[in-house]
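This report concerns a helix and the salt bridges of one protein model. The sequence and structure are shown first, and the description follows.

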Amino acid sequence: MYVAHYLSPLGNVQITADDEYITSVLVEPGTPLESTGNNTLLNSAIEQLEEYFAGERTEFELPLQQAGTPFQQEVWRELLTIGYGKTMSYAQLSKQMKNPLAIRAIASTNGKNKLWIIVPCHRVIGSDGSLTGYAGGLWRKQWLLEHEAQVSGQGQTRLAF
């Protein structure tokens, strides 16, 4: 297992990888810790995150793998279909997955996503357009959505907490 730390505009990010996959990208409190080992996947992830924050990247091209049930894997795959600068409600996501009664399970799975930004759980909002639960903090979710709206030319997004 390899670990790298990247200081993003939203705080310290810990990225972990094995020899084949990025396994987590998590925002963490405090100052960056020392990285362990050099890994081309970690270097690619940092480079792509830097491009994302600079407004130069709208899609990530990294091999990803996070542990989860088949249902969780399905939810995380669906999150990847939400376009840059776009949002979708939990209800819309459950309908897209042809499982309209799974809203709470989808929300729970969204909160367990360990691939922050890369699997864009921040693009899922409440049916009324409000920001709802985000493991990284609602202020980060709002920042990410506004960043993507500006970069994609959709203007500033006004979202309610």
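A residue is called buried when its relative accessible area is under 20%, exposed when that area is over 50%, and partly exposed in between (1.4 Å probe, protein chains only). The model is predicted: local features need pLDDT of at least 70, side-chain atom pairs count only at pLDDT 80 or more, and totals for chains, interfaces and linings use all residues. Residues are numbered from 1 along each chain as its sequence is written, and side-chain values use heavy atoms, with hydrogens and water left out.

**Salt bridges**

Two salt bridges are present in the structure, each defined as a side-chain nitrogen of Lys or Arg within 4 Å of a carboxyl oxygen of Asp or Glu.

| Salt bridge | Closest N and O atoms |
|---|---|
| Glu51 with Arg57 | 2.7 Å |
| Arg123 with Glu148 | 2.8 Å |

Arg123 lies in the loop between α4 and β5, and Glu148 in helix α5 (residues 138-151), so this pair ties together parts that are 25 residues apart in sequence. Helices (H or I, at least four residues) and strands (E, at least two) are DSSP runs, numbered from the N terminus. Arg123 is buried, at 5% relative accessible area, and Glu148 is buried at 0% relative accessibility. In the other pair, Arg57 is buried, with a relative accessible area of 15%.

**Helix α4**

In helix α4 (residues 103-111), the buried residues are Ile106, Thr109 and Asn110. They cover an arc of only 105° around the axis, which places them on the same side of α4; the arc is taken from the directions from the helix axis to the C-beta atoms. The buried residues of α4 pack against α2 (70-79), α3 (90-96) and β5 (124-125), where contact means heavy atoms within 4.5 Å.
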